[in-house]
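Take a walk through this model, one site at a time. Keep the sequence open beside the structure.

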Amino acid sequence: MKRVPAIALLLASSFATAADFVDLRDAPAVRGDAAAGASKVAVCVACHGPSGNAVVPAFPALAGQHAGYLYQSLAGFRRRADPASPMTAQVQSLTDADMADIAAYFAAQSRTVPAAASSTDAPGARLFRDGDATRGIVPCQGCHGADARGHPGRDVAARYDYYPALAAQQAEYLAARLRQYRAGTLTDTSNARIMQGVAHNLDDAAITELAAWLTATPR
Ligand code: HEC
Ligand code: HEC
């Protein structure tokens, strides 16, 4: 029997060609129609707030989020059909075009400036900027931007529009997502696997500090 080198098996398992895995490393720009999207979000803003500015802590803000990221997030909810997520029922009847329009609509809305003030000296700010080598925590700013508004290369390469802005996001939601990545329950795209690797070394204190600082950072 021919022996398959271990490295080949590793690569095959980490980037499997399974139908439910999406490789976003060469993702195209999402081109939806924001005006058409406006007529499709009545049900969404009931939970995500006016124009996508959420007020309930567990509901993520969508206003001003990048269209590529929003689109892929919606497609992910439809693909996974996780019965535990309230989003599953919301996306079942949406077409790809609906998702692109809705993503364009929310991307074009301005995010309300948070009431709390952020400090460049807060523990979360330092982790975001510098990471912490002693705990194996990598800096976040390289991928999410020094201002936490998204990948610095997003105007150059469409695939970076699939990296989310984090500033002024709901703290409870941010922490929940980081714990999800850390637990390895969200791994069905190349981007989710990037965050799984990052979150692996985050301890609970780091998650709380990062979420607290990010939510108070204006977008
Ligand atoms: C019943 C409340 C509710 C409704 C209605 C709702 N959502 Fe959500 N949405 C949530 C919750 C809660 C989450 C986080 C849950 C999760 O991750 O499984 C979420 C997550 C999301 C996310 C992921 C955000 C991110 O940063 O990754 C997007 C995008 C989204 N919703 C868009 C929509 C759109 C578009 C609609 C309308 C078609 C909608 N939602 C309707 C509650 C709701
Ligand atoms: C190497 C690049 C990279 C680094 C470094 C990185 N991220 Fe991410 N992050 C991503 C990508 C790509 C996504 C989108 C993942 C997806 O689509 O599921 C993401 C998603 C997220 C999300 C989900 C946002 C939402 O709206 O649902 C959070 C929260 C997050 N990152 C926080 C962090 C924090 C905190 C750090 C630093 C400890 C960090 N990231 C470092 C690339 C990175």
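Is Met 195 buried or exposed? Met 195 is buried, with a relative accessible area of 16%. The model is a predicted one, and the cut-off for buried is under 20%.

His 144 sits in helix α8, residues 141-144, and Met 195 in helix α10, residues 190-199. The pair therefore ties together parts that are 51 residues apart in sequence. His 144 is buried too, at 9% relative accessibility.

The iron atom of ligand 1 takes His 48 (NE2) and Met 87 (SD) as its protein donors, at 2.0 to 2.1 Å. His 48 belongs to helix α3, residues 42-48, while Met 87 belongs to helix α5, residues 87-91. This pair ties together parts that are 39 residues apart in sequence. His 48 is buried at 11% relative accessible area. Met 87 is buried at 16%.

Next, the backbone. Ser 51 has a positive phi of about 55°, although it is not a glycine. Ser 51 is in the loop between α3 and α4. At 28% relative accessibility, Ser 51 is partly exposed. Ala 148 also has a positive phi, of about 60°, and is not a glycine. Its place is the loop between α8 and α9. Ala 148 is buried, with a relative accessible area of 0%.

Last, the second largest pocket. Where does it lie? Domain 1 (28-107) and domain 2 (123-215) both give residues to its lining, so the pocket lies between them. Its volume is about 170 Å³. The lining residues include Asn 53, Val 55, Arg 111, Pro 114, Gln 170 and Thr 215. By class, the lining has seven nonpolar, four polar and one charged residues.

Technical notes. Residues numbered from 1 in each chain as written. Chains lettered and ligands numbered in written order. Predicted model: local features only at pLDDT ≥ 70, side-chain atom pairs only at ≥ 80, totals over all residues. Heavy atoms only, no water. Donors = N, O, S within 2.8 Å, 3.2 Å for Na, K, Ca; no water. Helix = DSSP H or I, 4+ residues; strand = E, 2+ residues; numbered from the N terminus. Buried < 20%, exposed > 50% of the residue type's maximum accessible area, 1.4 Å probe, protein only. 1 Å grid on protein atoms, 1.4 Å probe; cavity = no way out; pocket = protein on both sides within 12 Å on 5 of 7 lines; lining within 4 Å. Points joined across faces, edges and corners; volume = space filled by probe spheres on them. Nonpolar A, V, L, I, M, F, W, Y, C, P; charged D, E, K, R; others polar. Domains from an automatic or database assignment.
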